[in-house]
Amino acid sequence: MNQPQNTADIHKVIVEQQAAQDRKKLILNGVLLLFLLAAPFVFYPVFLMKILCFALFAVAFNLLFGFTGLLSFGHAAFLASGGYTTGYLLSNFSGLPTELGILAGTLAATILGLGFALLSIRRQGIYFAMVTLALAQLVFFFFVQSEFTGGEDGMHGIPRGQLFGLINLEDNMNMYYFVLAVFIACYVLVQRIVSSPYGQVLKAIKQNEPRAVSLGYNVDRYKVLAFVISAALAGVAGSMKSVVFQLASLNDAHWHMSGEVILMTLVGGMGTLLGPVVGATFVVNIEYHLSQGPLRDWVDPILGGVFVITVLAFRSGIVGEIQKFVRKNMG
Amino acid sequence: MSMIFGVPLAVLFGQLLIGIINGAFYALLSLGLAVIFGLLKIINFAHGAMYMLGAMVTVLMFDALGVNYWVALFLAPLLVGTFGVLIEYFLLRRIAGQDHIYSLLLTFGVALIIQGVLINWFGVSGLRYTMPDMFKGGVNLGFMFMPYYRAWVIVAALLVCFGTWFVIEKTKLGSYLRAGTEDSELMQGFGINVPLLISLTYGFGVALAAFAGVLAAPIYSVTPVMGSSTLIVVFAVVVIGGMGSIGGAIITGILMGVIEGLTKTFYPPASSAVIFLVMVLVLMFRPSGLFGKEA
Amino acid sequence: MTMMKKLLTSAIASAMMAGGAQAAISNDTVKIGYLADMSGTYRDLAGPNGQKALEMAIADFGGNVNGKKIEVVSADDRNSPDTSSSTVRRWVENENVDMVAGMVASSVSIAVSKILEENDRLGIISGSAASSITNEHCTPNHIHYVYDTYPLANGTASAVVKEGGKTWYMLTADYAFGHSLESDVKNVVEANGGEIIGAVRHPFPTQDFSSFILQAQASGADVIGLANAGADTTNAITTASEFGVTQSGQTLAALLLFLTDVHALGAQTAQGIQLTTGWYWDMNEETREWSDRFMKETGVRPTMVHAGIYSSATQYLNAVAATGSDDAQTVRKQMMDTPINDMFAKNGKIRVDGRMVHDMYLAEVKTPAESKNEWDLYKILRTIPADEAYRPLSESKCKLVNN
């Protein structure tokens, strides 16, 4: 490439580079989309839906952790409250369109998220993690106690129902494309948020909070909003998961689930858009395949090993490391 | 008999005493965490696993070699502490200087490995450990039956807690430690081997957990999963006390034992949640915990 | 399963129906999936050793039934209903698994039974305690084999009350399992002229029971009933022994104790505790002989769940052999029609709701003086006849029962 001569040229080059990058991204996203559209003909749809639900959960978590720098150790509470609310409504009000059930679950998680955020947002670093953990434990306690969750038996036989009163979701293919559509919508939403001016402020907060404050931003409000959006999306994931599996259980509310989503995000690459998706795919697959293979009894220690290796050797995660590699070797 | 909220006074006394005993346990466990965090800024999520290792090692040494309780009281923390030094040397050291969060994630992974491996080796039903003969029985205090062993737990735990606090806050060694972890280059200049100091501090912190594990072996079911639910309670205690505050961890530990004990009397189902409730409340009004310095 | 496959299979299925060709073994193999907690809190009572028990049953058939191969696949259920559902769905939809065995956590058992109902395969649940499995959650596609909370409460509570334990104080794990045990105990105790004078609901899990034991002691009740399981129960018993509960004249009644729990406690700590069990290894020549075989394989004595897995697999394979089919309904019907007489149960029968009812046993933990070795732990005090032990069908909420 020629040395640019003046500002206009520089501008032109930047625009061109940008456009080239956008094209690359577009192609990549297009390929991914095609893959996702075709996937259920090759892979088992319910398993794919599980991956999509966890991927969305991780994407939601990453908005807070990766882009805003807040480590929540209580995200299981949102996954579970979404799932239980949707499950309860769909089980008890027959004929309720599924999308309304999911919306209600999302709303429940959103409200809970707002409560969490107001109580925790002023705490820093590890204190923030611990307050969210404590609040999530209180939510767990509530779910254990409540009659409607079915306690440790769980909530079973949640009807999938009909989408818009028209499309039968009992059919796995219909269900899959619905989940995929919701997933893509949420993913694009997060993408927009991250690249918007609002997202830039979040990143600024992550990098240097005092500076963001001194620039005149009301940092707390930005953080609360990020937290609430993240909780809402986690709620969507939980709601959809309860519809897909037709069950909701205490596993989703347990603090191990909050740990698992951290693992997914970390392994995939926190602070990257695609990272959590890759991470969720990786972790769900590992758990699923290992639990049936010759290493059946060793899933937990292996997951522990993944944690250790990721933290020690590639903190940027799979996607982060690939990006680094690409940048280094291909300009 | 006089009653308080429908609970006989005598029962209440008993519950308070039990609360203090459990509090001493919490104090011991949270002390180790506070030492590790306060001096090294490592968030040790493997603490529950180390507590469990202390108990497991006690039982296994007895079964295999006939090592008695008193020897185990020294040997188990020593072994687990050494294991801790190795973990610090081979793993934690590599992420020094990174965000604290990474130490949390790393130690969480380590805990999963330790626990998972032991489950495969020893199962989950628990290992049998008989209480040393001299502790069998107890004394009737009028308001409750006090097993001798519980009395010993409270004495041992508080002695170790106080000793640790004294060494770190009041002695020359302690001041080296605090200085060494705060400004390692300066201390290195004074000819102090700071990396070694850090390894030993981590080892000491987990040895405290292992000591609690030995104390637990005769009275609780010794299984590879015994640490996992204890861990987050103890973390809550440390956070309430103020992360890194040594004295705060001890006092808060005992306080939480008592609060939990009272909850077990008046509204038992909430006894596992109450500590988290206290934590949320405390942090709302004192963001750095009861005894923490403002961050 | 893809659309095409689905269409294809349903076409084949309807073709088979039309031909009335139910009597066939699909894919020329009988495939059994073994699903259990392999790495969590329920590992020891079923877990990897349960698979050994299953494989022993298959070995007895020489690995073949009616000349068709018997295969086993296995998975860790991770105590998670959704992981289990994914696994079982793949098993039945893609791998032609005919029967799923094992299953411990009630959430897993219920989730799996729904999938088996959807796909018309068979499940034999051996590890779960929840009586809801054959009550409100019953399906025509599963059998609940070894025990459930109803006889546990029934057997222990009625026996203890009859022996003079009139007043009870309950330590109840604060979740559905504990609640249902507690209410079952309450009914039985009151029906026999006893009384529950106090109860405390403790969180799950709880490590330190001293506070609760103290309250139970202060209540002055004759009996302290433990409506919990696993480590909660063993911790409560250890603490009770430490605080001298038995010396002060109170009796402990544990509602759910497995042999592995008692083994972990040891006779010294657990002596005198009464409990109900579905089976014990040292009851007679038959049970001893099988247990010796099991011990050779695993190094431990079997729990009632291990024995139940062996027995149910044997019954299942017998039914497959007799009908020449691995169709779920055909086999289940054959199993219901055949009384179970083996080392596990005498005159056991599978009811329409899927409950396998058989005699249960009231046992007492031996004293260290009586116990000859580490596994010599129970004295069988009394046999509780099958009809007395289990919830009668007249009280059933199961959709398969016409009430």
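**Entry 1: ground rules**

I count two residues as in contact if their C-beta atoms, placed from the backbone, lie within 7 Å. With that rule I looked up B:Ala210. Leaving aside neighbours within four places in sequence, B:Ala210 is in contact with B:Met50, B:Tyr51, B:Leu53, B:Gly54, B:Ala76, B:Pro77, B:Val80 and B:Gly81.

I note that this is a predicted model, where local features need pLDDT of at least 70, side-chain atom pairs count only at pLDDT 80 or more, and totals for chains, interfaces and linings use all residues. Residues are numbered from 1 along each chain as its sequence is written, while chains are lettered from A and ligands numbered from 1 in the order in which they are written.

**Entry 2: confidence**

I checked the scores next. The predictor gives the complex an ipTM of 0.89 and a pTM of 0.90. For chain C the pLDDT (the predictor's confidence in each residue, from 0 to 100) averages 89. In chain C, 94% of the residues score at least 70. Residues 13–22 of chain C fall below 50. Beyond near neighbours in sequence, that stretch has 4 contacts in the model.

**Entry 3: chain A**

I listed the secondary structure of chain A: 13 helices and 4 strands. Helices (H or I, at least four residues) and strands (E, at least two) are DSSP runs, numbered from the N terminus. The radius of gyration of chain A, taken over C-alpha atoms, is 21 Å. I found its C-alpha trace to span about 70 × 45 × 45 Å along the principal axes.

Buried residues make up 53% of the 331 residues in chain A. A residue is buried if 20 or more other C-beta atoms lie within 10 Å of its own, exposed if 12 or fewer, and partly exposed in between; C-beta atoms are placed from the backbone.

**Entry 4: chain B against chain A**

I looked at this contact from the side of chain B. Chain B gives 33 residues and chain A gives 33 residues. Helices H4 (100–122), H9 (226–241) and H11 (274–285) of chain B each give two or more residues to the side that touches chain A. H4(B) gives the most, with 14 residues. I sorted this side of chain B by class: 27 nonpolar, 5 polar and 1 charged. Here Ala, Val, Leu, Ile, Met, Phe, Trp, Tyr, Cys and Pro count as nonpolar, Asp, Glu, Lys and Arg as charged, and the others, Gly among them, as polar.

**Entry 5: chain C against chain A**

Chain C gives 30 residues and chain A gives 26 residues to this contact. On the side of chain C, H3(C) gives the most, with 9 residues. By class, I read 11 nonpolar, 13 polar and 6 charged residues there.

**Entry 6: B:Thr230**

I placed B:Thr230 in helix H9 of chain B. Is B:Thr230 buried or exposed? B:Thr230 counts as buried because it has 25 C-beta neighbours inside 10 Å. Leaving aside neighbours within four places in sequence, its contacts are B:Leu29, B:Gly48, B:Tyr51 and C:Gln207. B:Thr230 and B:Tyr26 are 204 residues apart in sequence, yet 9.0 Å apart in space, C-alpha to C-alpha.

Notes: Rg over C-alpha atoms; globule rule 2.2 N^0.38 Å.
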